[in-house]
Amino acid sequence: MSEFTPDTHSHLGDIEKTTKFYINHSRVMGSSHYAQARLLRGRNNWWTIPLTIIGVLVTVFPIIIARVDPEGEISLLFIFATLLGASALAGASIQAYLGYDARAGAHELAAGEYSRIRRAMEIFLCEAFDNERERFVAFRHLIELCVLCSSMSPEVDRKFIIFYQAKYAKRQDQSDACKP
């Protein structure tokens with residue numbers, strides 16, 4: 001850790017302006033992660049409903065065959081039921097492979113972490129510090145948290161980031177934390 005002097009950390013510029021930039025960045029990324037999680041949960045549901053229907057059909061179909069043809073001469077229907085079962089198993093395997101539910105959970109965790117960091121930065125803007133070095137150390141810690149969150153979180157679809165950047169562009173220099 002290097003010593004704090006204005007010369008050694010001049011690349012960070014104005015602390016308040018940089019903090020507001022990261023507040024907006026956290027707001028955009030948190031919203032983008034929540035949107036990505038909603039999309040993945042929807043895809044998971046899209047797979048779950050047909051697989052459930054096929055599973056019910058596979059379960060009920062042999063019972064229907066047994067009632068229609070007690071001697072078991074309708075082998076074509078039995079083959080069809082077997083194919084339905086195989087497709088349900090394949091669909092369940094694809095769903096497990098794609099891991100929509102786990103990926104959505106990871107995006108929700110990242111969104112929550114961005115929200116926590118954003119709130120900490122808003123509080124930082126309102127705090128009074130005894131000296132400039134103490135203020136800078138707290139500032140650097142918050143920036144490191146944001147960078148760590150960015151590096152550890154899953155990738156978000158670019159369309160969500162662009163959408164939320166446009167939505168929150170007017171709020172870049174605003175912070176509600178210090179309002180009574």
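**Cysteines, helices and a nonpolar core**

A search of the whole structure finds zero disulfides, a disulfide being a pair of cysteine sulfur atoms within 2.5 Å. The structure is a predicted model, in which local features need pLDDT of at least 70 and side-chain atom pairs count only at pLDDT 80 or more, while totals for chains, interfaces and linings use all residues. Residues are numbered from 1 along each chain as its sequence is written, and side-chain values use heavy atoms, with hydrogens and water left out.

Stepping back to the overall picture, the secondary structure comes to five helices and zero strands, where helices (H or I, at least four residues) and strands (E, at least two) are DSSP runs numbered from the N terminus. Along the sequence, this reads as α-α-α-α-α. Of the 180 residues of the protein, 32% count as buried. Contact means heavy atoms within 4.5 Å; among contacts between residues at least 6 apart in sequence, 88% join residues at least 24 apart. The accessible surface, found by the Shrake-Rupley method with a 1.4 Å probe and, for residues, with only the protein chains shown counting as cover, comes to about 11600 Å², and 62% of this belongs to carbon and sulfur atoms.

Two helices can be checked for length, taking the expected span as 1.5 Å times one less than the number of residues. Helix H3 (residues 100–126) has 27 residues and should span 39 Å; its end C-alpha atoms are 40 Å apart, which agrees. At the start of H4, a side-chain oxygen of asparagine 131 comes within 3.2 Å of the backbone nitrogen of arginine 133. The buried residues of H4 include Phe136, Phe139, Arg140 and Cys146.

What is the size of the largest nonpolar core? This core has 21 residues, a nonpolar core being a set of buried Ala, Val, Leu, Ile, Met, Phe, Trp, Tyr and Cys residues joined through side-chain atoms within 4.5 Å. Met121, Phe139 and Cys146 have the most contacts inside it. H1, H3, H4 (132–152) and H5 (158–168) each supply at least two residues of this core. Leaving aside neighbours within four places in sequence, methionine 121 is in contact with Thr19, Tyr22, Ile23, Leu142, Ile143 and Cys146.

Histidine 107 lies in helix H3 and is buried at 4% relative accessibility. Not counting residues up to four places away in sequence, histidine 107 touches His33, Gln36, Ala37, Leu40, Pro154, Glu155 and Val156. Serine 32, in helix H1 (residues 15–68), is buried at 0% relative accessibility. Beyond its neighbours within four places in sequence, serine 32 is in contact with Val156, Phe160, Ile161 and Tyr164. A polar atom of the serine 32 side chain lies 3.4 Å from the backbone oxygen of phenylalanine 160.

Conventions: Buried means under 20% relative accessible area, exposed over 50%, partly exposed in between (1.4 Å probe, protein chains only). A polar contact is a pair of N or O atoms within 3.5 Å; within protein, one must be able to donate a hydrogen and the other to accept it, and residues adjacent in sequence count only if both atoms are side-chain atoms.
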